[in-house]
Amino acid sequence: MSIAASTSSTYSNHEVGEAAVYDAPLALDTDSATTRGLDPKHAEARNQQYVYDMRKSIVGPMPVNDFINSMIGKPYPGSNRSVLLSARNAFRHVPPTAHAPEDIYKPLVCTMKLVPDTAHVIAIQLQALNKHTKHKSRCPGVYFQDTARRSTHPRYPGFAKPHVCGFAKSAREAVRLLDRHSRAELGYAELIIQVTPDPSRDPFNDPPAELDVEERASFNFFSRRHDKAERRDIEDALGLHMAFVAEAFARQKRHAFYSISMAGSRARLCRWDRAGCVVTEAFDIREKPELLCEFLWRFSSTSDEARGHDNTFRKATFDEEVRFRDAIRAHVRLQLGVKGEALDEAVRQHYVPGRVAVVLVFPHRIRPSVSNYRPFFVSRPVVSSLALVGRCTWGYWGLDAGTSRVVFIKDTWRLNIEGVVEGDILWHLNTLGIRNVPTLFMHGDVPLAVARNNTEPVIWEATFTGQMSLSPWVCRIAGEPVRVYDKQRYRLVVETVGYGLATIRGTAELLHATYDAFIAMQDALAKDSRIHRDISFGNIILVREPGEERRKGYLIDWELSAKVDESGRCIYPGRAGTWLFMSYRMLARENAESRLSFLDDMESLVHVVMYGALRYLPHKLGEFRLTNMLKEYFEEKVESPGKPPHGGDAKRMNTLTNAMVNHAEFPPVLEEWLSTMWLYNIPQNPKEFQEFKYGERWTPEYINAYWSKFLETHELEHDNRVVHDIYEGPEDYRRLSTTASLTPPPRRKRAASADDPEDSARNPKRRRSTRLLQRVPAPSVNGAPAPERGPRRSQRIKAAQQPSTGGGAARARSSRSRPPAGRGPRPHASRGRARVGQARSRR
C-alpha cells in the first residue's frame with residue numbers, strides 16, 4: 001500500500017500545520033544547561049557519521065512522478081487546482097551552475113534589486129517559491145525563507161542552518177521571533193532545500209535510461225569519488241543535509257520528513273523516515289518546472305499526516321500543563337530529596353513552560369478507535385535521539401491523565417515483524433515475580449490514522465523505505481545492494497520512574513544498585529531461562545519508593561532479551577547490546593557469531609561498575625589520561641572490509657593484569673571489589689584463557705554469595721561523588737561548510753571582542769593584534785591561503801561617484817553591498833581614526 005493510500009482517510013480541509021506540534025524540547029546534557037548531542041565542536045564528526053550510517057539506507061533513483069503519486073498522493077477532496085500558478089518559466093532566473101549556493105537559492109526566495117542604466121532602483125520579484133497573486137500561489141499555506149542568513153556563523157557546520165526552509169504560514173510570527181543563536185527554525189520547518197552550486201558535486205548518479213532491471217541493480221547510485229578532496233566536500237555537504245533532517249525529526253513530532261537537494265539547477269526530491277531515505281531522479285527545474293510546482297502544490301494541499309506529522313501528539317491546554325508541572329515537581333522531590341533552587345533546576349530536566357504535549361497510547365493487539373486510547377502529558381524528554389535510522393528511542397517522564405500517576409513513556413521504532421514485543425516480555429516477567437524490573441502500565445503500536453468505523457482498515461505508523469527498496473528502479477549504494485527493513489512505531493509505558501546511574505551519590509549506591517540489577521538477572525535466568533543481552537550503564541535506573549531511604553536499582557530495556565538453551569547459551573547467535581559494555585569474549589572477532597551466555601552479561605555488569613567509578617567516583621587519573629582510558633577500554637573498535645569489527649583487547653588485558661584498576665587508584669573498598677571480580681573472571685589455566693573461557697568461580701551462585709557478603713561486611717562511602725571532566729579536544733571552527741558561501745553575511749557593526757574567535761578569524765586586519773597574542777594563524781578557506789583583499793573603501797566610493805556607463809553603477813553598488821570573499825565587516829570609523837592618529841604620533 002502506498003503512502004498516499006495510507007493517508008487517504010486522513011485528508012481534511014485544514015491549514016498547513018494545524019495538527020502539528022512544533023518546536024518540541026530536546027533532552028538536556030548532564031550539566032542541565034545545554035541540549036544533548038548538538039555541540040558545535042562535534043558537528044563535523046556527527047555529519048560524517050550520518051553519511052556512514054545512511055550508506056546502505058538510501059533508495060533510488062525513483063521516477064519523479066511515481067514519487068509524487070506514491071509519497072504525497074492526491075490533494076484532499078474538494079481542493080481547487082485553479083489556485084495553482086502556472087509553471088511556465090517559473091524558475092528561469094535560477095542559474096544552471098554558480099560559484100556560491102546563494103546564487104541558486106536567492107532567486108527562489110528573495111526579492112532582487114536591479115539597477116538599470118537610468119540609475120533608478122527597481123525591485124523585481126524573483127521569489128519563485130513564494131510568488132502569488134490575489135487568488136493564486138505556488139505552495140498554498142507554506143512560505144519559504146532564506147534561513148542560512150539567520151545563522152550567527154553560517155560558514156561553520158556546527159552553526160549552519162538550511163539554505164531554505166518552508167514554514168507553515170500559521171508559524172510565521174513564531175519563526176520571526178526566534179533567536180538567531182538558536183536552531184529552532186528546524187522545529188518549525190515543513191520542508192528544507194539544501195543547495196550545492198556545482199552540478200558535478202551531486203552525491204548521486206542516475207543510471208542511463210536504457211539500462212534494464214538487472215543492469216540497474218548493479219549500477220552505483222551513490223559511489224565514492226576517486227579524488228579525496230572532492231569526495232570529502234561532497235560527503236560533507238551530504239552529511240550537513242542529513243544533520244538538518246535529523247534535527248528536524250528531533251525538534252518535531254514526526255514519522256517522516258521531506259527535503260529537496262539541489263546541485264545547480266538540478267533537483268532531487270527526498271523522503272526520510274526511520275528506515276532510510278527515498279531519493280528521486282534528478283530533474284532540471286529550468287527545463288521541467290512543472291515537476292517541482294506539482295510537488296509543492298500537492299505537498300501543501302495534503303494532510304499534516306501525509307507531510308510526516310504524528311497526529312497522536314497535540315499541544316496541552318493550560319490546565320493540563322499545570323497538572324503535569326505539579327505532579328513532576330512532587331516526583332522529583334521524592335526521588336532526589338531536594339528543594340528550593342536545586343528542585344527548580346531538577347524539574348527543568350522534565351518540564352519546559354509552554355511546551356507540554358498530550359501523547360496518545362493505544363493498547364496492544366486491540367483495534368485502535370477514538371474511544372480506547374489513553375492520553376498522557378509529556379514535556380522535555382530525558383532521552384532524545386538524533387539518529388536518522390534505527391530505533392531512535394525517546395524517553396519521557398509522563399503523567400497519566402486518568403490517574404494522575406507519574407509514569408515513564410518509551411517511544412521507539414521496532415522491526416515491523418509479528419512477534420513478542422518488549423511490553424509482552426515485561427508483562428511475563430511481572431507475572432513470574434521477577435524482582436527489580438519495571439512494572440508494566442500499558443503498551444501498543446501507534447496508528448497513523450484511527451479508523452472511524454469497523455469497516456475501514458487500520459493504518460499503522462510505519463516506515464516506507466523498506467517497501468520501496470524492492471522496486472525495479474533501485475540501484476546499488478557504494479557498490480553494495482540496498483538492504484532496508486521497515487520499522488513500526490511502538491510505545492511502552494511503565495510505572496517505574498527514576499534517575500540513571502549518572503546520578504549516583506557514592507560508592508555504596510553504585511554497588512547496591514548494580515547488585516539489584518544482578519538480582520533481576522538471576523531471577524530472569526532461574527524463572528524464565530532468559531538473559532538480558534544489553535547490560536549497560538544506561539539500562540539501570542535508581543528509584544526511591546515512598547518511605548524508603550535507599551534508592552533501589554532496576555534493570556530496564558528488556559527488548560533484546562532472549563531465552564537460553566540447556567547449555568546456558570542464547571538461542572540466537574551473534575552479538576547484541578551496547579558495544580562499550582560487551583564482554584571481551586564477544587568483542588573478539590572469532591566470537592562475533594557465537595552465542596551470548598549469562599556469564600557474558602555478568603562481565604558486562606562489572607564493566608558498568610568500572611565505567612561509573614571512572615566517571616563519578618574518586619580516583620587519581622587526570623582529564624587526558626581518563627579520556628584515553630575510556631576510549632581504549634570501552635570504545636576500541638577495529639573495522640576491516642568484509643570482516644566483522646572487533647575490539648576488547650584492553651578489557652581482556654585488564655582482566656589478566658588488573659592494570660587499569662591499579663592505575664586509577666580507586667578508594668580501597670571499591671578497588672578490592674573490582675580486583676576480586678576480575679580474579680574470579682579469569683581461569684587458572686592459561687590455555688583456557690586463550691580460548692576465551694571463564695574461571696571456575698565465575699558462576700551466578702558464587703558471585704551472588706561474594707557480592708551480598710561484601711555489601712554486608714564492608715563500610716561503603718555514601719557521599720563521595722566526584723564528576724570527572726572528559727577532554728573533548730579544542731574547538732576547531734576553521735573548517736568551513738562546503739555548502740556555505742565564501743562571502744560573509746552582512747553583520748551589525750559592533751566593537752570587537754578579544755575572546756570572540758569568530759570575529760578575529762573573519763577579519764584579519766581588524767583582529768591582527770589578537771591573533772598575534774593568541775598565536776592564531778591567518779584564516780584560510782579549506783587550507784588555501786586567504787584571498788586577496790578587495791579595493792579600499794575610498795576607492796569604491798570614488799568609483800561609485802564617477803558617471804556610470806554600461807552598468808558601472810550596478811557594479812559599484814554590488815561591491816558595496818557584498819564585500820569580496822575573505823574580507824570581513826568594516827571596522828568602526830572611530831577605530832580607524834584612532835589608528836591613523838597613533839601612526840602619525842609615532843612618525
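S583 is buried, with a relative accessible area of 1%. Buried here means under 20% relative accessible area, exposed over 50%, and partly exposed in between, with a 1.4 Å probe and protein chains only. This is a predicted model: local features need pLDDT of at least 70, side-chain atom pairs count only at pLDDT 80 or more, and totals for chains, interfaces and linings use all residues. Residues are numbered from 1 along each chain as its sequence is written, and side-chain values use heavy atoms, leaving out hydrogens and water.

Where does S583 lie? The residue sits in the loop between strand 26 (562–563) and helix 14 (584–587). Helices (H or I, at least four residues) and strands (E, at least two) are DSSP runs, numbered from the N terminus. Neighbours within four places in sequence aside, S583 is in contact (heavy atoms within 4.5 Å) with D600, E603, S604, H607 and Y694.

Three strands form an open sheet in the order 22-24-25, and the pairing is antiparallel. Strand 22 (499–500) and strand 25 (552–555) are at the edges with a single partner strand each, so one side of each has no neighbour in the sheet. Strands pair if DSSP finds at least two bridges between them. Strand 22 and strand 24 (residues 540–543) run antiparallel and are joined by two bridges. Y499 has L542 of strand 24 as its bridge partner.

Last, the cysteines. C165 is buried, at 0% relative accessible area. C475 is buried too, at 2% relative accessibility. With a disulfide taken as a pair of cysteine sulfur atoms within 2.5 Å, the count of disulfides is zero.
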